[in-house]
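Thanks for sending this one over.

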Amino acid sequence: MIIEQLIYECTKRNTKAQEQLYRLLAPKLFSVCLKYSRNYEEAQDNLQEGFLLIFDKISQFKNKGSFEGWAKRVVINYTLQQYRNQNVFEIVSENIPDIENVEIDDENISLDFLTKIIQELPDRYRLVFNLYVIDDYSHKEIAEMLGINIGTSKSNLARAKAILKEKIELNNNYSIKKTK
């Protein structure tokens, strides 16, 4: 079945179409969930709940842009809502270092290692880092999505980068080049 037909059948609650759509999108959406979740198990839970929400709201998709992009946004918003409900973004007084842009020699860093240290970041830093660096949202968009101010988004990103830089330098002796 083509995607448009699958979407149409899913609006009619056709379980076979839902299963096909799940099989088609689950690997990509799971990687999204993994970026925003604390661990593998939480990512699995977020994927399942995200798909329930996708199937519940599928009639709201208006064929503007790709369905995959729409589904990704639903899953991201669902996952972020879980953190907003847990008051992850309380204001915390920290000494945040001024950090320059950091370039990582990614030929020497495995994707598994990078994923692991990103997942180890505190929630508020990991979410802002992923939204800004990986998914290319602006600080204004991040602030709106997370219910924080723009300055908090910027400081959380700076702190995330500092923590990642430190972990890479300390634990693995990877070469890091600073740029202005």
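The points below go from confidence to fold, core and surface.

1. Before anything else, please keep in mind that this is a predicted model, in which local features need pLDDT of at least 70, side-chain atom pairs count only at pLDDT 80 or more, and totals for chains, interfaces and linings use all residues. Residues are numbered from 1 along each chain as its sequence is written, and side-chain values use heavy atoms, with hydrogens and water left out.

2. On confidence, the protein chain has a mean pLDDT (the predictor's confidence in each residue, from 0 to 100) of 84, with 81% of its residues at 70 or more. Helix H3 (residues 40-57) has the highest confidence, at 95, and strand S2 (residues 176-179) the lowest, at a mean of 44. The pLDDT is below 50 over residues 174-180, a stretch with 21 contacts in the model beyond near neighbours in sequence (contact means heavy atoms within 4.5 Å).

3. As for the fold, the chain contains eight helices and two strands; these are DSSP runs numbered from the N terminus, with helices being H or I of at least four residues and strands E of at least two. Their order along the sequence is α-α-α-α-β-α-α-α-α-β. Among contacts with a separation of 6 or more, 69% join residues 24 or more positions apart.

4. Of the 180 residues in the chain, 41% are buried, where buried means under 20% relative accessible area, exposed over 50%, and partly exposed in between (1.4 Å probe, protein chains only). The largest nonpolar core has 48 residues, and Ile54, Phe67 and Leu131 touch the most other members. Such a core is a set of buried Ala, Val, Leu, Ile, Met, Phe, Trp, Tyr and Cys residues joined through side-chain atoms within 4.5 Å. Helix H2 gives the most to this core, with nine residues.

5. Which residues does isoleucine 54 contact, leaving aside its neighbours within four places in sequence? They are Leu29, Phe67, Trp70, Ala71, Val74 and Val75.

6. Finally, the surface: the chain's accessible surface is about 10700 Å², and carbon and sulfur atoms account for 47% of it. These areas come from the Shrake-Rupley method with a 1.4 Å probe; for residues, only the protein chains shown count as cover.

7. Do have a look at isoleucine 134, which lies in helix H6 (residues 123-134). Isoleucine 134 counts as partly exposed because its relative accessibility is 39%.
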